Amino acid sequence: MAAPARYCPSCLSAVGRTSTTSLLHRSAPAVTSSPFQQLRFAQSSQNALKYKRKDQPASQKKRKTRSTFAQPDLRDAIQFSLVDAMRYLRAAEVGRSPAASKYEVHLRLRTLKNGPVVRNRLRLPHPVKTDLRICVIAPPDSQAARAAQAEGASLVGEENVFDAVKEGRIDFDRCICHQDSLTKLQKSGVARILGPRGLMPSAKTGTVVKDVRASVREMVGASEYRERMGVVRMSVGQLGFTPEEMQRNIRAFVEGVKRDIAGLSDRISKEIHEVVLSSTNGPGMSLNGEMRSAGSVPTRDPLNRKLLP
């Protein structure tokens with residue numbers, strides 16, 4: 001007679017548990033949430049996101065952008081008289097030729113970032129640039145071309161000017177165009193070359209003229225200025241200028257910018273906030289509007305070697 005089969009109790013218990021658990025899982029119905037519960041879960045997740053945004057650090061929150069350029073508080077600024085500022089700037093230019101270094105004035109404006117800009121050309125009482133090269137686009141052998149040559153224009157003509165520009169030979173600092181040559185200038189295709197350099201004549205900038213002689217005479221010694229980032233800059237003198245010459249040039253520049261501001265619309269708010277004087281290699285010195293202070297010492301003219309009062 002065969003012996004009865006023996007079974008391990010632990011194996012039987014494991015098999016029993018496995019089969020029982022599998023049967024329970026197979027027989028249990030799938031649990032589904034009701035529409036009310038789904039809506040409740042969605043609302044809770046939205047509330048969590050809302051509170052999470054509030055808990056974000058301040059650095060990640062959107063900051064309000066300024067509509068105007070930031071300006072320093074002049075009550076805490078160190079300001080100088082014109083004589084003192086020129087004295088310090090001349091010390092910064094030691095070892096350089098008086099004719100090589102130049103003084104520059106920066107006018108800080110209280111203005112809107114997206115507003116119109118100030119732009120013009122001004123002839124100072126004491127010109128800074130005397131070696132300006134001027135190109136005149138006018139019909140050859142015309143009265144305007146002869147007048148431009150008589151006034152010292154470096155390049156005069158039409159086709160010869162267009163060919164030189166296309167070849168990359170731009171040997172001039174300013175360019176004006178006679179009214180009779182405006183059509184040929186527009187068809188020549190040099191606008192894409194002269195435009196980025198700021199040399200393209202246009203009626204808006206006053207470089208498309210009828211009287212060439214007067215325009216060339218006015219342009220010799222004149223300087224252009226344009227507002228950028230709320231600041232108007234222009235060279236107002238060479239290092240060898242006296243304080244009196246600098247005073248007249250700065251006054252003419254400030255008055256010219258004020259006239260340009262007055263010519264804008266009444267709805268545009270724009271005014272001068274600060275006047276800063278600097279040099280080619282020197283720092284910027286904020287001016288207080290005075291010619292000399294009580295502690296100003298006499299300065300020496302680097303060209304004439306004379307003491308200035």
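Reader: In which element is Ile137 found?

Author: Ile137 is found in strand β4, where strands are DSSP runs of E with at least two residues, helices are runs of H or I with at least four, and both are numbered from the N terminus. A word on the ground rules: this is a predicted model, local features need pLDDT of at least 70, side-chain atom pairs count only at pLDDT 80 or more, and totals for chains, interfaces and linings use all residues. Residues are numbered from 1 along each chain as its sequence is written, and side-chain values use heavy atoms, with hydrogens and water left out.

Reader: Why is Ile137 called buried?

Author: The relative accessibility of Ile137 is 1%. Buried means under 20% relative accessible area, exposed means over 50%, and partly exposed lies in between (1.4 Å probe, protein chains only), so Ile137 counts as buried.

Reader: Which residues does Ile137 touch, not counting those up to four places away in sequence?

Author: Ile137 touches Gly157, Glu158, Val161, Phe162, Cys175, Ile176, Cys177, His178, Ser181 and Leu185. Contact here means heavy atoms within 4.5 Å. The C-alpha atoms of Ile137 and Asn160 are separated by 9.5 Å, and the two residues are 23 apart along the chain.

Reader: What makes Val156 count as buried?

Author: Val156 lies in strand β5, residues 155–157, and has 15% relative accessibility, so this residue counts as buried as well. Beyond its neighbours within four places in sequence, Val156 is in contact with Val136, Ala145, Ala148, Gln149 and Val161.

Reader: Are the two partners buried, exposed or partly exposed, and what values say which?

Author: Arg108 has a relative accessible area of 31%, which means partly exposed. Glu274 comes to 8% and is therefore buried.

Reader: What makes Arg133 and Asp173 a salt bridge?

Author: Again the N to O distance is 3.2 Å between the side chains. The pair links distant parts of the chain, with Arg133 in the loop between β3 (119–123) and β4, and Asp173 in the loop between α5 (159–166) and β6 (174–178), 40 residues apart. Arg133, at 36%, is partly exposed, and Asp173, at 27%, counts as partly exposed too.

Reader: Which distance puts Arg169 and Glu167 in a salt bridge?

Author: Their side chains meet at 2.7 Å, N to O. Arg169 is at 43% relative accessibility, so partly exposed, whereas Glu167, at 55%, counts as exposed.

Reader: What makes Asp141 stand out in its backbone?

Author: Asp141 has a positive phi of about 60° although it is not a glycine. Asp141 sits in the loop between β4 (134–137) and α4 (143–150), and its relative accessible area of 71% makes Asp141 exposed.

Reader: What is phi of Met229 near?

Author: Phi of Met229 is near 55°, a positive value in a residue other than glycine. Met229 is in the loop between β8 (222–228) and β9 (231–238) and, at 66% relative accessibility, counts as exposed.

Reader: Why is Lys204 called exposed?

Author: The value for Lys204 is 81% relative accessibility, so Lys204 counts as exposed. Lys204 lies in the loop between α7 (191–194) and β7 (208–209).

Reader: How many helices and strands does the chain come to, and what share of its residues is buried?

Author: The chain comes to nine helices and 13 strands, and buried residues make up 34% of its 309 residues. Among contacts between residues at least 6 apart in sequence, 78% join residues at least 24 apart.

Key: Salt bridge = Lys/Arg side-chain N within 4 Å of Asp/Glu carboxyl O.
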